[in-house]
Amino acid sequence: MKYYSLRHQSPLVDFRTATVTGQAPDGGLYFPETIPRFQPGFLRELRHLSKATVALNVMRPYVGTTIPESELQRICAEAVDFAFPLVPMAAGISVLELFHGPTLAFKDVGARFMSRCLSYFARQGDTPPVTVLVATSGDTGGAVASGFLGVPGVEVVILYPSGKVSPVQEQQLTTLGQNITALEVNGTFDDCQALVKQAFQDREIARHRFLTSANSINVARWLPQQVYYCFAWQQWPAEAPAPVVAVPSGNFGNLCAGLLAQASGLPLGHFIAACNANDPVPVYLRTGSYAPRPAVPTFSNAMDVGNPSNFVRILELFENDLGKLRAALSADTVTDAETVAAIREVWAREGYLLEPHAAVAHTALRRYQARHAAAEGLILATAHPVKFPEVVEPILGHAVPMPEAVAQLQNRLKRSVPLAVDYEQLKAYLMK
Ligand SMILES: *Cc1c(COP(=O)(O)O)cnc(C)c1O
C-alpha cells in the first residue's frame with residue numbers, strides 16, 4: 001500500500017514513512033492510494049473472529065510489508081487488548097463503549113497501535129531517535145502518553161492548555177514521567193496546536209531532532225480506529241437492519257475511520273457527525289461552503305475544534321462530491337444546554353450515565369430518529385464520565401466512582417513545564 005499527500009506535491013510513500021513522518025513534506029495529510037475491500041470470507045466469519053484477528057485483517061493491507069506478520073500480529077493484539085462492549089441502552093439505541101482502555105478513551109486504540117509501530121521502526125535502526133510532539137485538548141495527550149510510556153527510542157512532548165483540561169485528563173498527562181514531558185501552555189488548545197504546527201515547519205529543529213506527530217493526522221493513529229466499528233458490528237443483532245452510527249466529532253479522525261471501514265465493505269448504515277457549537281462541518285453539509293473558525297469552549301471539550309484536520313480526508317473519500325457525502329453522512333450541532341439535558345434525561349430514564357461527548361451523539365441520533373422512525377442506531381461513547389465531573393456530578397448527585405486505572409494516578413506527583421504562548425520558548429525547549 002502506498003500513501004499520497006492530499007496536496008499532491010510530495011512523492012508516494014509506504015506505511016513506514018507515513019507513520020514516521022506523520023505529515024507529507026508539502027504539509028498535506030497522507031491518504032491510502034486504494035481502499036482495500038474486506039474479503040467475503042472475512043465478512044462471513046466476522047462475528048466469530050477474535051478482536052486481534054479482526055484488527056490484523058483490517059490493518060494488514062495498510063501496513064503492507066513494512067512490518068512482518070508476526071510482529072504486526074502482536075501489535076494488533078496489544079492495541080485492542082481491552083473490552084469494547086456494545087450496550088443496549090434504550091429502544092433503538094445502543095452504546096459502543098470505547099472507554100475501557102488504559103486512559104479510558106477511544107484514543108487508546110490508535111495511540112497504542114501507533115506507538116508500537118513507531119517502536120518497531122525505531123528498533124530497525126533506520127529511523128533516528130524520534131520526538132513525538134503533540135497538542136491536546138484533553139484525551140489525545142493521555143492516550144499518547146500512556147501508549148508511548150517507556151517505549152525505547154521515542155521521547156514524547158505534549159502541549160496542553162492550562163486549566164482547560166479536566167483534573168483526570170491532567171493527571172494522565174503529567175504524572176507518568178520517564179520519556180513523557182507535559183508542557184502546560186498559558187493559552188487555548190488552538191494556541192497549542194499553532195505552536196506545534198510552527199515547530200514542525202522549523203528546519204533548525206528538524207536538524208536537531210526528528211519530530212513526528214501523534215495526532216489523528218498520523219495514519220498509524222487514524223487507520224486502526226476502523227477496528228472497533230467491526231467490533232460494533234460483531235455485537236449488532238444479526239437480524240436487525242444496518243445500524244445508523246452517530247460519532248461525536250472534533251478532528252473527524254474517528255468518523256473518517258468509520259466511513260473508511262464502510263467503504264471497505266463493512267455493512268453499516270447512515271453516519272451522523274455529532275458536533276457541539278464548533279460546527280464548520282454541519283454548516284458545510286447544509287450550505288456547501290466550508291468556513292473554519294476559531295474554536296469556542298464547550299462542555300464536550302475534546303470536540304472544541306474550529307478547523308477539523310481530517311475533514312479533507314472525508315472529502316477525498318467521497319471524491320469531493322457533496323451529493324455523495326450527503327447521502328452517506330448527516331451532521332448535527334448540539335448546544336451545551338442540550339448536552340446537559342440529554343445526560344439528565346438518559347440518567348433518569350435509563351439509568352445510564354452519559355458523558356458530554358456521548359451525550360452530543362445521543363442527542364444527534366435521537367433527532368435523526370425523530371425524522372427516520374425505523375432507524376436503529378448506535379452511538380460511540382468516546383470517554384468515561386469520570387473525566388467530566390463538573391458536568392456529570394451535579395446531575396448524578398455524587399462523585400462518579402473511580403475506575404482502577406484512574407484511581408492509581410490520584411497520588412502521583414504532577415510534573416509539568418510552564419510555557420507561554422511564545423514560539424521562541426517552545427523552540428528553546430526543543431533545541432535543548
Ligand atoms: C478526541 C475526542 C473526540 C473527537 O474525536 P475526533 O476523532 O477528533 O473527531 C470525541 N470525544 C472524545 C472524548 C475525545 O477525546
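Is Phe-15 buried or exposed, and what is its relative accessible area?

Modeller: Phe-15 is buried, and its relative accessible area is 0%. Here buried means under 20% relative accessible area, exposed means over 50%, and partly exposed is in between, using a 1.4 Å probe and protein chains only. The model is predicted, so to speak of a local feature needs pLDDT of at least 70 and side-chain atom pairs count only at pLDDT 80 or more, while totals for chains, interfaces and linings use all residues. Residues are numbered from 1 along each chain as its sequence is written, and side-chain values use heavy atoms, with hydrogens and water left out.

Now the ring partner. The structure holds 14 aromatic pairs, and one of them is formed by Tyr-3 and Phe-15. Rings of Phe, Tyr and Trp (for Trp, its six-membered ring) pair if their centres lie within 6.5 Å; planes under 30 degrees apart count as stacked, over 60 as edge-to-face and the rest as tilted. Tyr-3 and Phe-15 are 6.4 Å apart, centre to centre, with 50° between the planes, and the pair is tilted. Tyr-3 lies in strand 1 (residues 3-5) and Phe-15 in helix 1 (residues 15-21), so their pairing ties together parts that are 12 residues apart in sequence. Helices (H or I, at least four residues) and strands (E, at least two) are DSSP runs, numbered from the N terminus. Tyr-3 has 0% relative accessibility and therefore counts as buried.

Another tilted pair is made by Tyr-229 and Phe-271, at 6.1 Å centre to centre and with 50° between the planes. Since Tyr-229 lies in helix 11 (residues 227-235) and Phe-271 in strand 10 (residues 271-275), this pair ties together parts that are 42 residues apart in sequence. Tyr-229 counts as buried at 1% relative accessibility, and Phe-271 counts as buried at 0%. Both belong to a cluster, in which ring pairs link Phe-82, Phe-84, Tyr-228, Tyr-229, Phe-231 and Phe-271.

Two further buried residues show what surrounds a side chain. Leu-173 is placed in helix 7 and counts as buried at 2% relative accessibility. Leaving aside residues up to four places away in sequence, Leu-173 touches Thr-136, Gly-141, Gly-142, Ile-158, Tyr-160, Ile-180 and Ala-182, where contact means heavy atoms within 4.5 Å. Leu-173 and Gly-142 are 31 residues apart in sequence, while their C-alpha atoms are 4.9 Å apart in space. His-362 lies in helix 17 (residues 356-371) and counts as buried at 5% relative accessibility. Its contacts, again without residues up to four places away in sequence, are Met-89, Ile-93, Ala-342, Val-346, Leu-354 and Ile-379.

Next, helix packing. Two packed helices are described by the angle between their axes and the distance between the axes. Helix 5 (residues 107-123) and helix 6 (residues 139-148) pack at an angle of about 40°, with axes 8 Å apart. Axes are lines fitted to C-alpha atoms, for helices over the stretch in contact, and angles run from 0 to 180 degrees between N-to-C directions. Helix 5 and helix 6 are therefore oblique to each other; angles under 35 degrees count as roughly parallel, over 145 as roughly antiparallel, 65 to 115 as roughly perpendicular and the rest as oblique. Residues making this contact include Lys-107, Ala-111 and Met-114 of helix 5 and Thr-140, Ala-143 and Phe-148 of helix 6. By class, the contact of helix 5 with helix 6 has 6 nonpolar, 3 polar and 4 charged residues. Ala, Val, Leu, Ile, Met, Phe, Trp, Tyr, Cys and Pro count as nonpolar, Asp, Glu, Lys and Arg as charged, and the others, Gly among them, as polar.

Helix 16 (residues 336-350) and helix 18 (residues 389-396) pack at an angle of about 40°, with axes 10 Å apart, and are therefore oblique to each other. Val-340, Ile-343, Arg-344 and Trp-347 in helix 16 meet Val-391, Ile-395 and Leu-396 in helix 18. The residues of this contact divide into 6 nonpolar, no polar and 1 charged.

Last, the backbone in two loops. Gln-178, in the loop between helix 7 (167-174) and strand 7 (180-185), has a positive phi near 50° although it is not glycine. Gln-178 is exposed, with a relative accessible area of 66%.
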